[in-house]
Amino acid sequence: MADCIFCKIVAKEIPAQILYEDKDVISFRDINPMAPVHLLIIPKQHYQDLNTAAPADECLLGHILAVAQKLAVEQGIAESGYRVVANNGLNAGQIVDHLHFHLIGGHLLPDFA
Ligand code: AMP
């Protein structure tokens with residue numbers, strides 16, 4: 001999608017520290033990490049948020065969580081604990097309107113407000 005920063009990362013039009021990629025999904029380091037490990041996992045196809053994913057996308061959504069699990073192991077945070085978060089919409093503080101899952105860990109994370 002034009003003017004979507006994450007679509008530009010998918011298209012390799014702007015740089016990112018990519019840690020995982022397959023035909024459907026890509027993961028890269030968050031540019032402004034809030035923890036020692038802070039990755040983003042996104043579908044390559046543009047979805048604005050979770051609301052725009054359809055029942056037919058169940059497989060893709062499950063795959064994203066499987067990728068999160070694999071990356072947590074690779075990043076050494078599987079045992080210590082980690083968080084997988086998708087901000088959806090205004091009240092959740094979604095800034096980038098391309099569905100993405102934060103994988104965050106590496107230290108004690110604050111409680112949710
Ligand atoms: P949010 O939409 O609030 O769930 O979070 C968007 C996240 O994308 C933020 O944590 C940003 O730091 C991150 N971000 C924005 N632009 C880039 C970029 N070019 N490369 C990596 N991460 C980015």
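**Exercise 1. Find the backbone atoms that make polar contacts with the ligand (N or O pairs within 3.5 Å).**

Step 1. Start at Gly93: a backbone N or O atom there lies 2.8 Å from an oxygen atom of the ligand.
Step 2. Go to Val96, where a backbone N or O atom is 3.0 Å from a ligand oxygen.
Step 3. Check burial. The ligand alone exposes 510 Å², and the protein buries 85% of that (Shrake-Rupley areas, 1.4 Å probe).

This is a predicted model: local features need pLDDT of at least 70, side-chain atom pairs pLDDT 80 or more, while totals for chains, interfaces and linings use all residues. Residues are numbered from 1 along each chain, and side-chain values use heavy atoms, without hydrogens and water.

**Exercise 2. Describe the shell around the ligand (residues with a heavy atom within 4 Å).**

Step 1. Count: 16 residues surround the ligand, and the closest are Asp30, Gly93, Ile95, His100 and His102.
Step 2. Sort by class: eight are nonpolar, six polar and two charged. Gly counts as polar here.
Step 3. Assign elements (DSSP runs; helices at least four residues, strands at least two). Helix 1 gives the largest share, three residues.

**Exercise 3. Which pocket holds the ligand?**

Step 1. The ligand sits in the largest pocket (more than half of its atoms within 2 Å of the grid points).
Step 2. That pocket holds about 500 Å³ of space.
Step 3. Its lining has 15 nonpolar, eight polar and two charged residues.

Technical notes: On a 1 Å grid over the protein atoms alone, a cavity is a set of points where a 1.4 Å probe fits but cannot get out, and a pocket is an open set with protein on both sides within 12 Å along at least five of seven lines; lining residues have an atom within 4 Å of a point. Grid points are joined across faces, edges and corners, and a volume is the space filled by probe spheres set on the points. A residue is near a molecule or strand if one of its heavy atoms lies within 4 Å of it. A polar contact is a pair of N or O atoms within 3.5 Å; within protein, one must be able to donate a hydrogen and the other to accept it, and residues adjacent in sequence count only if both atoms are side-chain atoms.
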